Structure formats: C-alpha cells, structure tokens
Amino acid sequence: MPAAFPKQLLITAPFFLLIFLFATGNCFGQQNAATSANHFKFKTVIIDAGHGGKDPGSHGAYSKEKNVSLSIAKKLRDAINDEMGGIKVVMTRSTDVFIELHKRTDIANDNNGNLFISIHCNSSPQRKGSSRGTLLLVYGFHRSQEQREALRENASIFIEKDYKEKYNGYGDNAAVNTIVLNAFQQKYRKQSIQFGDLVDNQFRKTNGRHSLGVKEQGVLVLAQSGMPAVLVETGFINNPSDEEYLNSASGQNEIVRSILTALKQYRNNLEGN
C-alpha cells in the first residue's frame with residue numbers, strides 16, 4: 001500500500017462516501033425497503049407565533065401583528081391536530097406573552113422539531129402602504145455558523161441509537177463533526193426551501209395571492225433552529241386590503257389551509273423518499 005496515503009484517511013474514506021450520500025438524500029436506509037424500520041418519520045412541527053406581549057410587532061390601521069400571527073398559529077395547530085394524525089404540534093406561545101427569540105429556538109430544539117414554522121405579518125415603512133402579498137423566508141448563509149451551533153445542540157442527531165456507528169463516531173473528532181454538521185445544514189436548507197416553495201405555490205395558485213416568493217434573509221429565529229425552518233409573512237398588515245384579509249376568518253382559514261396542504265405534501269415527499 002503506498003505510503004502517501006495516511007492510515008486515518010483510508011479508514012475514514014467510507015465515511016466521506018456516506019456523508020455524500022446523506023447530503024444528497026440517498027442514505028442507505030432510503031434505498032432498501034428492508035430497512036424501513038430506520039426510515040425517517042416526520043413527527044414534530046414547531047409553530048411560532050411572531051411577537052407577543054410587550055412586543056406588538058407591526059401595526060395596521062386597527063390591528064397588531066402579534067394578535068394576527070397568534071390567531072393564525074392556533075388555527076394551524078388545530079388543523080394539524082385534526083387532519084395529520086401522529087404529528088405532534090409544539091407552540092412557542094399560545095397566549096399573548098413575550099417570548100425571547102432564543103427561547104423560541106430553545107423550545108424548538110429541545111422538542112426535536114422536524115420543521116419550524118414562524119408566522120408573521122409584513123409591513124412597509126409607510127403608515128398606510130401599498131405593498132401587498134406574501135413572502136417566505138429561509139435563513140441566510142451569512143448566519144450559517146449560528147445554525148451550525150443549533151444543529152450541534154439539537155438532540156435529533158443523538159436519538160438514533162447507532163449514531164456513533166452511522167456518523168463515524170460523532171462527538172469524538174472535531175473534523176468529522178464539522179463534516180457531519182455541514183451535511184445536516186445543507187440537507188435542512190434544501191428542505192426549508194422545498195417547504196417554502198410548496199407554501200408559496202399554494203398561496204399563489206390556490207388562493208390567488210400576490211407573492212414576493214421565497215427569499216433568503218438573516219433571521220435569527222431561523223438561523224438558530226436546528227431543523228428546516230421557514231418564516232411565513234402572511235401579508236402586509238399596513239396595507240388596507242391585506243389587513244382586512246388577515247383579520248377575517250375567511251382569510252385566516254385560507255392561509256391555514258395553504259400551509260396545511262403544503263405541510264402534507266412536504267411530509268409525503270420526505271417519507272416517500
């Protein structure tokens with residue numbers, strides 16, 4: 001065997017192949033039906049109602065973002081409970097209380113969430129604005145280190161009974177850990193964009209809403225969530241038309257139905273692979 005190849009490199013070579021397969025979604029457990037016992041199960045959704053308590057968020061002519069986001073979040077929770085059996089829903093807040101951003105992500109990470117959905121209302125600088133429509137946000141790459149820290153703290157890596165064997169001794173080697181965390185990060189970013197696209201498609205094609213699309217932004221609550229995460233701007237609360245829609249039962253129900261439909265599609269895509 002040539003001396004130019006260090007023994008450690010030869011030992012870890014299969015691991016790098018595993019990471020490549022993992023990052024591209026082609027893990028061994030997904031290839032063979034015989035390994036269905038290890039097949040990924042989508043179990044926990046974190047719903048984050050933006051703002052709350054002393055933090056009202058954006059204002060419209062007669063309503064506050066904190067109240068609209070909470071109402072939509074609670075309706076979404078109830079819809080998931082009614083229609084998606086086996087899914088656990090965790091709310092970062094279910095009343096009008098102020099929850100610090102880092103505590104929201106702590107709640108998400110401590111509950112081993114599979115998806116973080118943050119509900120908000122948008123606003124433009126004007127008191128009465130003309131900007132309208134929806135927007136889906138995923139975390140920006142310039143905050144990637146924060147998400148890597150969240151991934152390191154997320155127990156979802158450790159709940160797999162054979163994680164040390166599967167990830168070549170995760171926790172024992174800093175270089176290997178970085179590769180593993182990068183793989184998770186790329187996978188979760190891809191899934192965040194996928195879910196954002198599904199919601200956006202429902203908003204536009206099913207509800208006929210104007211949409212600003214899926215965009216990258218340095219949102220702390222997304223970057224510090226160790227899981228796929230999307231912030232949903234449901235409309236511009238300082239636009240009179242959007243504000244009326246956001247405060248109406250029919251508008252909130254449409255928003256919830258769009259997110260719920262996208263969530264079902266997202267779960268099917270994950271568990272079907």
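A nonpolar core is defined here as a set of buried Ala, Val, Leu, Ile, Met, Phe, Trp, Tyr and Cys residues joined through side-chain atoms within 4.5 Å. A residue is called buried under 20% relative accessible area, exposed over 50% and partly exposed in between, with a 1.4 Å probe and protein chains only. The structure is a predicted model, in which local features need pLDDT of at least 70 and side-chain atom pairs count only at pLDDT 80 or more, whereas totals for chains, interfaces and linings use all residues. Residues are numbered from 1 along each chain as its sequence is written, and side-chain values use heavy atoms, with hydrogens and water left out.

The largest nonpolar core holds 38 residues, of which Ile-47, Ile-80, Phe-195 and Ile-259 touch the most other members. Helix H10 supplies the largest share of this core, eight residues. Apart from this core lies another, of 14 residues, including Tyr-139 and Met-227. In soluble globular proteins, nonpolar side chains tend to be buried together.

Helices (H or I, at least four residues) and strands (E, at least two) are DSSP runs, numbered from the N terminus. Helix H10 comprises residues 249–272, 24 residues in total, and its span of 34 Å from first to last C-alpha is close to the 34 Å expected, the expected span being 1.5 Å times one less than the number of residues. Among the buried residues of H10 are Ile-255, Ile-259, Leu-263 and Tyr-266.

Rings of Phe, Tyr and Trp (its six-membered ring) pair if their centres lie within 6.5 Å; planes under 30 degrees apart count as stacked, over 60 as edge-to-face and the rest as tilted. Two aromatic pairs were found by this rule. Phe-42 and Tyr-266 form an edge-to-face pair, with 5.8 Å between centres and 80° between planes. Because Phe-42 lies in the loop between helix H2 (28–31) and strand S1 (44–49) and Tyr-266 in helix H10, this pair ties together parts that are 224 residues apart in sequence. Phe-195 and Tyr-266 also pair edge-to-face, at 5.4 Å and 70°; Phe-195 belongs to helix H7 (residues 174–206), and the two residues are 71 residues apart.

With contact taken as heavy atoms within 4.5 Å, Phe-195 touches Leu-115, Ile-117, Val-230, Ile-259, Ala-262, Leu-263 and Tyr-266, residues up to four places away in sequence not being counted.
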